[in-house]
Amino acid sequence: MARTQQDRKAETRRRLLRAAAELFAREGYDAVSVDAIGEAAGRTSGSVYAHFGGKQGLLLALLEGFQDDLAAVVQAEFATRDTLEGRLRGLWDSLGHHPDDDGWFLLEVELWLQTARTPEHAGPLAARYLAIHDLMRDEFCRWVTEFGLRPPMALDQLPQGVMAALIGLYLQRRTAPEAVPDDLAISMLLALFGATDRA
């Protein structure tokens with residue numbers, strides 16, 4: 001059966017995303033040209049602009065895809081765990097043992113660097129984190145009620161605290177794995193929920 005134009009567009013998009021993910025993670029965002037992405041994907045540089053508006057749009061699309069994949073994995077973990085420690089362990093495991101290994105994190109760092117170097121790029125990153133915070137806050141509010149928790153910070157600040165802990169712990173773990181054993185990460189996350197007695 002002949003492929004439709006929509007099928008061909010979807011295939012081009014997949015190829016561009018795969019090529020960009022590999023190149024950005026391996027060489028860094030600034031070192032990779034639109035031409036290199038097109039060539040690695042077996043497409044033209046024009047296809048990058050047509051589908052994503054340029055490199056920045058491509059990087060954001062990659063991160064959104066990783067975010068969606070991670071959210072699905074995390075939600076599945078939560079559904080099978082009925083204790084706070086179990087859910088936090090599932091959250092940590094999903095982040096620290098992501099199926100993409102370090103590719104997602106290297107891309108995240110590339111976006112942070114771009115935002116630091118080019119402040120006008122901060123808008124999309126800020127919007128992305130605010131959306132993640134909203135999802136986390138809703139989930140954490142349920143946990144606070146379910147487990148009778150008293151976090152040491154306001155509920156609307158808990159997502160930022162958890163996100164900062166996860167990113168900081170993961171970054172240290174990549175640098176010195178022995179410095180951040182799983183039990184330490186879980187203990188720190190439990191403390192953010194005011195549940196150190198459950199460690």
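At what angle do the axes of helix α1 and helix α3 cross? Select residues 5-27 for α1 and residues 45-52 for α3 in this predicted model. The two axes come within 10 Å and cross at roughly 105°. Angles from 65 to 115 degrees count as roughly perpendicular, so α1 is roughly perpendicular to α3.

Next, show the side chains at this crossing. On α1, pick K9, T12, R13, L16 and L17; on α3, pick S47, V48, H51 and F52. Coloured by class, the residues of this contact come out as four nonpolar, three polar and two charged.

From α1, select R13, L16, L17, A20, A21 and F24; their partners in α4 are K55, L58, L59, A61 and L62. This contact has nine nonpolar residues, two charged and no polar ones.

Now move to the largest pocket. Its space amounts to about 570 Å³. To centre the view, select L70, A71, I132, M136 and M163, which lie nearest the pocket's centre among the 24 lining residues.

Colour the lining by class to finish: 17 of its residues are nonpolar, three are polar and four are charged.

Definitions and conventions:
Residues are numbered from 1 along each chain as its sequence is written. This is a predicted model: local features need pLDDT of at least 70, side-chain atom pairs count only at pLDDT 80 or more; totals for chains, interfaces and linings use all residues. Side-chain values use heavy atoms; hydrogens and water are left out. Axes are lines fitted to C-alpha atoms, for helices over the stretch in contact, and angles run from 0 to 180 degrees between N-to-C directions. Helices (H or I, at least four residues) and strands (E, at least two) are DSSP runs, numbered from the N terminus. Angles under 35 degrees count as roughly parallel, over 145 as roughly antiparallel, 65 to 115 as roughly perpendicular and the rest as oblique. Contact means heavy atoms within 4.5 Å. Ala, Val, Leu, Ile, Met, Phe, Trp, Tyr, Cys and Pro count as nonpolar, Asp, Glu, Lys and Arg as charged, and the others, Gly among them, as polar. On a 1 Å grid over the protein atoms alone, a cavity is a set of points where a 1.4 Å probe fits but cannot get out, and a pocket is an open set with protein on both sides within 12 Å along at least five of seven lines; lining residues have an atom within 4 Å of a point. Grid points are joined across faces, edges and corners, and a volume is the space filled by probe spheres set on the points.
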